[in-house]
Amino acid sequence: VPATLGLSFAVPSIASELGLTFAQGLEAYDLPLFMSPPFSAEVISYNATVPPGIMGSLLVRLASEQSFWAGVVGEAPRTSGLGESVEQRITLRRPENGTCDVNAKGGSVHQVDNVSFCPLKVRVHRLQEGFPRTYEVNLREGRRSGISFLGYLKDEGGVPVPKPLPGFRPDVERNAGSLAQLPWSWRPPIPPRMPPLVPAGPTPALVPAGPPAVMPGAPAPGPSSASPATVPFNSWSEDEFKPTSILLAFASVAGTNLTVTWNGQAVRSIKLGNHWWQAELAGKSLAEACWCESGTQTDKECRRLLFKKAQQSTLKYLQPNNCRLSVYGDHMIVSEYMVGHSWKADSVFGAQALEVAFEDGTDKAKVNLAQRQSWLARKTRQIRQREFAYLGLQES
């Protein structure tokens, strides 16, 4: 029985869209195509969303731990041997004259209505009851303002391979998962600025400051009512190593303007050609994302690195937050990604749950989502002491 059926579609690579002629062999990426429901050998019918107006090919990959023959209907079946996978690249087809049976001669012709693409059919042959079996994937076009990919590039043998964020699906507006797989890099501390040289001379006499000038008829100045300034998402101490990470998004339609935000603050984004966009998460936002992973097995490594590289900034910014990454397409929200927990909860882990999860070091800590965030003010010192003890550091 097939163990996995994977689909991907070819898109221009970042190097290709930027016109980098030296990047030979990297003209295209195969982005994953997400099927609904997820593949199961017992289910034979699926839906999948492709970018609107897409042209080109799909890569079909079928794997099993047993021997089998498989192929896209209309193509010759193939076999790969035990424990291997069969791959076939096919051209996307659209209906012609209301049918996808373009080679049918006489007899009944299967009519298709209100579809953009012909369904993909994979025929599997095995010496087993219930076979041969045909799996069908109905392809439909997604939103024009949407994104088809949100993730990062992973180096696999010197070749950059796009990897989606866990839990991301382009056909679902609200996703949940983790940022733990994002590759980090560390920006070195900024050297201290040298004070300007001032020629020696007599010290000017100090003049006592008088009361501030008040215009005639103006009210007397009162206490300031200005709200405290918002701390930028990438804040960090200049004398410590600063974590940075690159997030990539692929716009479904060329020319779509994308904006990425972390907890409502716009993240610096750069357009890379017609479809690709790059957003840099740095400093405070990565520390907050690490906090969002509390209570899971993935938070230990990011905490260890943060405290090792930048203790003071980590103590300041490893804090409770909304854990929300959002992507806007042409000023409309197209994807929201909740880090570290699901959308079923009304709020993120409370500070008390953070301490419990940190003490236990597992993902089995029970979380009371109703805990008030004010609890943090009374327990911050206690949490920091445990963090230092856990990491084997000496608190200064």
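Because the model is predicted, local features need pLDDT of at least 70 and side-chain atom pairs count only at pLDDT 80 or more, whereas totals for chains, interfaces and linings use all residues. Residues are numbered from 1 along each chain as its sequence is written, and side-chain values use heavy atoms, with hydrogens and water left out.

The protein has six helices and 20 strands; helices (H or I, at least four residues) and strands (E, at least two) are DSSP runs numbered from the N terminus. Of its 396 residues, 39% are buried, where buried means under 20% relative accessible area, exposed over 50%, and partly exposed in between (1.4 Å probe, protein chains only). The accessible surface comes to about 22600 Å², and 54% of this belongs to carbon and sulfur atoms; the areas come from the Shrake-Rupley method with a 1.4 Å probe, and for residues only the protein chains shown count as cover. A contact means heavy atoms within 4.5 Å. Among contacts between residues at least 6 apart in sequence, 65% join residues at least 24 apart.

Strands of a sheet pair through backbone hydrogen bonds, either parallel or antiparallel.

Both senses of pairing meet at strand S20, residues 332-339. With S12 (residues 174-177), S20 pairs in the parallel sense over four bridges, and Asn175 stands opposite Tyr337. With S19 (residues 324-329), S20 runs antiparallel and is joined by six bridges; here Arg324 stands opposite Met338 and Val327 opposite Ser335. S20 is mostly covered, since six of its eight residues are buried.

The hairpin of S19 and S20 has two residues between the strands. Most residues other than glycine have a negative phi, and most peptide bonds are trans. Asp330, in the loop between S19 and S20, has a positive phi of about 50 degrees although it is not a glycine. His331 lies in the loop between S19 and S20 and has a positive phi of about 70 degrees, although it is not a glycine either. Asp330 counts as partly exposed because its relative accessibility is 37%, while His331 is exposed, with a relative accessible area of 77%. Elsewhere, the peptide bond from Ser36 to Pro37 is cis, with omega near -5 degrees; Pro37 is found in the loop between S3 (35-36) and S4 (45-50).

In H2, nine of the nine residues are buried, including Lys284, Glu288 and Trp291. One of the H2 residues is Ser285, which is buried because its relative accessible area is 2%. Not counting residues up to four places away in sequence, Ser285 touches Phe233 and Trp262.

A nonpolar core is a set of buried Ala, Val, Leu, Ile, Met, Phe, Trp, Tyr and Cys residues joined through side-chain atoms within 4.5 Å. The largest has 41 residues, and those with the most contacts inside it are Leu150, Leu165, Leu179, Trp262 and Leu325. H2 gives the most to this core, with six residues. Apart from it lies another core, of 33 residues, among them Leu33, Tyr46, Val60 and Phe149. Leaving aside its neighbours within four places in sequence, Leu179 is in contact with residues including Leu165, Trp262, Ala289 and Tyr337.

Ser245 lies in strand S14 (residues 242-251). It is buried, with a relative accessible area of 2%. The side chain of Ser245 reaches the backbone oxygen of Pro183 at 2.8 Å. Leaving aside neighbours within four places in sequence, the contacts of Ser245 include Leu182, Trp184, Leu281 and Leu286.

Note on methods
Two strands pair if DSSP finds at least two bridges between them. A polar contact is a pair of N or O atoms within 3.5 Å; within protein, one must be able to donate a hydrogen and the other to accept it, and residues adjacent in sequence count only if both atoms are side-chain atoms.
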